[in-house]
Amino acid sequence: MKRYRPPCSVRGCTRLVRSGPAARMCDTHRQRKRRNGDPNVRACVRKKELKPYVTEVRRLIRRRNRDQIESALIQIHSTLLDDQRTAVAMREKSHFRGPRWSQQASHELVRVLVDVDPVESAFTLGALYLMRQREPYRFPSDASFVFALVRAWRKQTDLSYTSYWDNDAGRVKKKPRELSPRTVVTIAELLIEAYGRFLGLVMLSERREEEARRDIRKDLAVGFAYSPPS
Ligand SMILES: [Zn+2]
């Protein structure tokens, strides 16, 4: 006898859940949730879409003390790399290795950090925060933002990809190596902890610039609305 399969729990989806005792979603939505942290997010953020925001972070920095900021970013990068290398080494020596996702997170952090530019990689994280500010609808949940953040950060290096031969396209294609959702969340937590202050200041200077632009618009509007007393 066939087991009863209820419909997918995502609103508007009429497909049946994948079989299995804990399944709540159809195959498509389950895959989207695994890949993007949210079953409602169809596509991930493309490099091309993120580029204008990276430019904006760079522009914000250029107006401040750029050298000082960049040297702080290099420090953050090397501290994070050292910490994660130590974590990997400690676990290898110890009997208790800790949870698997935490090991995988440290390995992935080391793998990416050694290969990326410390300044550009901080800009990439800042760009995602600006993107969420301007296009909040792209991130329907915190999880979807966290997943996009980690993906964009990993995308900076080819080391996060596996290549495979696509017969239909007739060429080699790349896809990011899948990490478990818990690993993604752990990486995000470590990145946000390390870069939290930088990200906060990027958002703050962006907000100040926006306020200044609004003041100019207001001055213009008030100025033009003025009519001299006759
Ligand atoms: Zn579904």
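So, helix H3 (residues 66-93) and helix H7 (residues 181-225): these two pack with their axes 10 Å apart, at an angle of about 170°. The axes here are lines fitted to C-alpha atoms, for helices over the stretch in contact, and angles run from 0 to 180 degrees between N-to-C directions. That makes H3 roughly antiparallel to H7, where angles over 145 degrees count as roughly antiparallel, under 35 as roughly parallel, 65 to 115 as roughly perpendicular and the rest as oblique. Which residues meet there? On the H3 side you've got Leu 73, Ile 76 and Leu 80, and on the H7 side Ala 194, Tyr 195 and Phe 198. Contact means that the C-beta atoms of two residues, placed from the backbone, lie within 7 Å. The residues of this contact split into 6 nonpolar, no polar and no charged. In that count, Ala, Val, Leu, Ile, Met, Phe, Trp, Tyr, Cys and Pro are nonpolar, Asp, Glu, Lys and Arg are charged, and the others, Gly among them, are polar.

Before I go on: this is a predicted model, where local features need pLDDT of at least 70, side-chain atom pairs count only at pLDDT 80 or more, and totals for chains, interfaces and linings use all residues. Residues are numbered from 1 along each chain as its sequence is written. pLDDT is the predictor's confidence in each residue, from 0 to 100. The protein chain averages 90, and 98% of the residues score at least 70. Helices (H or I, at least four residues) and strands (E, at least two) are DSSP runs, numbered from the N terminus.

Staying on H3, Val 88 is found in that helix. Leaving aside neighbours within four places in sequence, Val 88 touches Ser 106, His 107 and Val 110. For Val 110, 22 residues along the chain from Val 88, the C-alpha separation is 8.9 Å.

Back to H7, which also packs with helix H6 (residues 142-154): their axes come within 9 Å and cross at roughly 80°. That makes H6 roughly perpendicular to H7. Val 146, Phe 147, Leu 149, Val 150 and Trp 153 in H6 meet Val 184, Val 185, Ile 187, Ala 188 and Leu 191 in H7. This contact comes out as 10 nonpolar, no polar and no charged.

S1 and S2 pair in the antiparallel sense over 6 bridges; two strands pair if DSSP finds at least two bridges between them. Tyr 161 has Pro 176 in S2 as bridge partner, and Ser 163 stands opposite Lys 174 in S2. There are 4 residues between the strands, and Gly 170 takes a positive phi near 70°. How many of the 6 residues of S2 (residues 171-176) are buried? The number is 0, so S2 lies largely in the open. S1 is hardly covered either, with a buried count of 0 among its 6 residues.

Conventions
A residue is buried if 20 or more other C-beta atoms lie within 10 Å of its own, exposed if 12 or fewer, and partly exposed in between; C-beta atoms are placed from the backbone.
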